[in-house]
Amino acid sequence: MKRNKKPAEPDGSMSLSGHLRELRNRIAVCVIVLVLGFLLCLSFAGRIVTALTDLGTAYNYTYVYIAPQELLLVYFNLALVGAVVLCFPVLAFETYAFCSPGLSRRERTGVMLALLAGTLFFLLGVAFARFISMPFMLRFLIGFSQEVDVSASISIQQYVSFLLTVFLIFGAVFELPVISVLLTGLGVLKAEWLAKGRRVMIVVIFILAAIITPPDIVSQIMVAIPMIGLYELSILLSRLVMKAKRQKDEQTDGQL
């Protein structure tokens, strides 16, 4: 028997039960997509592990697993991370579709641009870590074994966890310009504040880099340098946003 769709409220808004039903349906879609993405990534987990271990093999890394289930857990972790990355467009769309009715046209455009820019900058951060920072880190860290009579047999779980952590850190760091633009657009942040606090922020950036990276100076510098560059980019973008806001305010005042 076909169910009748519950009508909306007279003012066009949706009732609480309608919102809850829509939320349930969208969560169900996200869960189904994530499960399918997990199964798909799990079928390619071996190839993903090979691609990751090849990064270290080029520098004479050898890998072991020290627990019977360790390699299987690595497969599961990679499949879960891969499912989230692979299904992110669907997850973002479902979140946007649920929230968009309560947003104005300008806010919807801003959210879409923020999602696109955030995704782009995150991928740029991961690419920076993969092709620039990670080879340098692995080469530097394996160099210590050449000074002593110790061979490096790396736990595969610790190695993959290290790589994923670095990728996540750089992806998050590269979100700084997007966050700055959003806060500036909301009026919470001003470019002048960022410029005046530049010296203090450089010190803070190096402290943060020391906290969020492995305990070696090279990793800290490799994180701190792009963070400083992204901070300068954030200042530039914030100034452009503030300039655009002032021009729009002047046009609005001129029409009154």
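Which residues of helix 3 are buried? I started my notes on this predicted model with that one. My list reads E70, V74, L78, A79, G82, A83, C87, L91, A92, E94, Y96 and A97.

**Entry 1: helix 3, continued**

Next I looked up what those buried residues pack against. I found helix 1 (16-43), helix 2 (45-57), strand 1 (62-64), helix 4 (105-142), strand 2 (153-155) and helix 5 (156-173).

Then I checked the length of helix 3. It covers residues 70-99, and at 1.5 Å a residue its 30 residues should span 44 Å. I get 40 Å between the end C-alpha atoms, which agrees. I also noted a kink of about 60° at C87, shortly before the proline P89. C87 is itself on my buried list.

**Entry 2: the whole chain**

I stepped back for the overall layout. The chain has 9 helices and 2 strands. Reading from the N terminus, I wrote the order down as α-α-β-α-α-β-α-α-α-α-α.

Of the 256 residues, 31% count as buried. The accessible surface comes to about 16,600 Å², and carbon and sulfur atoms hold 69% of that. I looked at contacts too: taking those with a separation of 6 or more, 82% are between residues 24 or more positions apart.

Is E94 buried or exposed? Its relative accessibility is 11%, and the cut-off for buried is under 20%, so E94 counts as buried.

What does E94 touch, leaving aside neighbours within four places in sequence? I found R26, V29 and C30. With R26 there is a salt bridge between the side chains, 2.8 Å from N to O. This pair links distant parts of the chain, since E94 is in helix 3 and R26 in helix 1, 68 residues apart.

R26 and E22 are 4 residues apart in helix 1, so about one helical turn separates them. A reminder to myself: an α-helix has 3.6 residues a turn, so residues three or four places apart point the same way. E22 is buried as well, at 17% relative accessible area.

**Entry 3: the other salt bridge**

How many salt bridges does the structure hold? The count is 3. Through shared partners, salt bridges join E22, R26 and E94 into one network.

**Entry 4: nonpolar surface**

I then went looking for nonpolar surface. L16, L20, L23, I27, V31, I32, V35, L36 and L39 make a patch of about 850 Å². I picked I27 out of that set; it lies in helix 1 and counts as partly exposed at 46% relative accessibility.

**Entry 5: I132**

Last stop was I132, in helix 4. It is partly exposed, with a relative accessible area of 45%. Which residues does I132 contact, leaving aside neighbours within four places in sequence? I got A127 and M222. M222 is 90 residues from I132 along the chain, and their C-alpha atoms are separated by 9.0 Å.

How values were computed: Residues numbered from 1 in each chain as written. Predicted model: local features only at pLDDT ≥ 70, side-chain atom pairs only at ≥ 80, totals over all residues. Heavy atoms only, no water. Expected span 1.5 Å × (residues − 1). Bend = angle between axes of the 7 residues up to and from the residue. Buried < 20%, exposed > 50% of the residue type's maximum accessible area, 1.4 Å probe, protein only. Contact = heavy atoms within 4.5 Å. Patch = residues over 30% accessible without salt bridge, like charges linked within 9 Å, V, L, I, M, F, W, Y side chains within 5 Å. Areas by Shrake-Rupley, 256 points an atom, 1.4 Å probe, with all protein chains shown as cover. Salt bridge = Lys/Arg side-chain N within 4 Å of Asp/Glu carboxyl O.
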